[in-house]
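Let's take a walk through this protein together, starting with the whole and then stepping into a few spots. Have a look at the picture before reading on.

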Amino acid sequence: MLDTTAAKQKTGFAVLVGRSNVGKSTLLNTLVGTKVAITTPKPQTTRLPVQGILTRPDGQVVFVDTPGLMKKAKDMLTKKLLDSVKDSLKDVDVIVYVADPTRSIGDEEKAMLAMIRNIEKPKILVINKADLNSPPFVEHYRDLAAEFTRVIDVSALTGMNVNALADFIFESMPEGEPYYPLQQLTNMKSEIWLAELIREKLFLRLRQEVPYTTHVEVEEMETREDGTLYVRATVYTTEERYKRMIIGKGGQGIKEIGQSTRNELEAVMQKKVFLDLTVEVDAHWVERLS
Ligand SMILES: Nc1nc2c(ncn2[C@@H]2O[C@H](COP(=O)(O)OP(=O)(O)OP(=O)(O)O)[C@@H](O)[C@H]2O)c(=O)[nH]1
Ligand SMILES: [Mg+2]
């Protein structure tokens with residue numbers, strides 16, 4: 001419940017930025033308390049600026065997860081992802097810069113820092129993965145403190161210090177009324193979330209470049225009379241040989257991807273799920289991404 005008799009409510013947008021694989025999406029999920037964004041050990045997992053909403057007695061913050069910055073912004077997908085990060089930074093109230101102290105500061109980090117340097121908003125440096133034993137580059141990131149309003153060590157994975165981070169973020173927000181209904185946790189449509197879940201399973205199962213050739217669309221989603229959730233979705237990939245790799249020997253690959261998606265969906269939805277998953281070749285899906 002929002003307490004309207006207390007001090008003024010805080011409301012605004014906090015954008016999570018940082019290089020690929022630092023744990024932005026994991027942090028978003030921990031902040032919001034539910035799985036809004038997909039996370040994998042592979043870089044460049046996030047493609048959409050997913051919003052997760054945290055409502056507390058003192059207000060509401062909308063977190064925007066962004067794709068991680070990757071080197072070699074030559075291909076069309078990476079270029080589109082970079083544009084989407086720049087877009088997300090336009091109307092932001094607080095910047096949450098997430099760093100991974102197991103990796104040294106490289107070109108990607110420098111490019112990312114340059115991107116936010118001239119934005120005159122509160123900036124919080126989050127040194128993530130604090131659950132790991134003395135990560136080698138922590139001090140290198142601490143040396144960046146002068147560029148930030150605050151620095152905090154957290155573990156997105158275990159939740160360590162994440163509430164303290166949320167407090168910092170709320171403190172830095174402007175006053176205002178909530179943007180979203182109090183129970184809402186994301187701006188994502190269920191079809192998109194489901195497509196993301198399937199993409200997560202593809203990323204977890206496929207090796208090397210194959211996951212990056214894929215895109216998922218959910219065409220149909222309905223609860224049938226017997227209470228089963230029926231889902232029809234297509235996995236697009238750019239070449240016939242990738243299609244064969246995704247389907248796997250005797251269809252085993254796509255079967256396992258379908259099964260792991262279904263297991264998670266059934267646990268979340270508390271109902272039986274029927275998933276009709278096909279694979280198609282479409283060399284131009286990247287162009288269709290908005
Ligand atoms: N040990 C540890 N691992 C973490 C932590 N946070 C994230 N990870 C792991 O780091 C990997 C990347 O996490 P993501 O949340 O997908 O990273 P991301 O920054 O969103 O990556 P992109 O979407 O590719 O930019 C996953 O394997 C996570 O489990 C943490 O606090 N501690
Ligand atoms: Mg991500």
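What percentage of the 290 residues in the protein is buried? The answer is 37%. Keep in mind that what you are looking at is a predicted model.

The protein is built from nine helices and nine strands. Its C-alpha atoms fill a box of roughly 55 × 45 × 35 Å along the principal axes. As for who touches whom, take the contacts with a separation of 6 or more: 69% of them link residues 24 or more positions apart.

Now for the parts. The protein splits into domain 1, covering 10-172, and domain 2, covering 190-288. Their C-alpha centres sit 28 Å apart. Where they meet, seven residues of domain 1 are in contact with nine residues of domain 2. On the domain 1 side, that touching group has three nonpolar residues, three polar ones and one charged. UniProt, in an unreviewed entry, also puts a feature called "domain: KH type-2" at residues 206-283. That span is 33% helix and 35% strand, and its end C-alpha atoms lie 18 Å apart.

Next, the ligand. Ligand 1 is surrounded by 23 residues, and the closest are Gly-23, Ser-25, Thr-46, Gly-68 and Leu-157. The shell is made of 13 polar, seven nonpolar and three charged residues.

Gly-68 turns up again in the UniProt record, whose unreviewed entry lists residues under "binding site", among them Gly-68 and Ala-130. The listed residues span 67 residues in sequence, and the farthest two C-alpha atoms are 23.6 Å apart, so they do not all gather at one spot.

Let's visit those two. Gly-68 sits in the loop between strand E3 (59-65) and helix H2 (76-88).

Ala-130 has its place in another loop, between strand E5 (123-127) and helix H4 (138-142). With 18 other C-beta atoms within 10 Å, Ala-130 counts as partly exposed. Leaving aside neighbours within four places, Ala-130 is in contact with Asp-153, Val-154, Ser-155, Met-160 and Asn-161.

Methods:
Residues numbered from 1 in each chain as written. Chains lettered and ligands numbered in written order. Predicted model: local features only at pLDDT ≥ 70, side-chain atom pairs only at ≥ 80, totals over all residues. Helix = DSSP H or I, 4+ residues; strand = E, 2+ residues; numbered from the N terminus. Buried ≥ 20, exposed ≤ 12 C-beta atoms within 10 Å, placed from the backbone. Contact = placed C-beta atoms within 7 Å. Near = placed C-beta within 6 Å. Nonpolar A, V, L, I, M, F, W, Y, C, P; charged D, E, K, R; others polar. Domains from an automatic or database assignment. UniProt positions renumbered as here; feature names shortened; annotations may be inferred.
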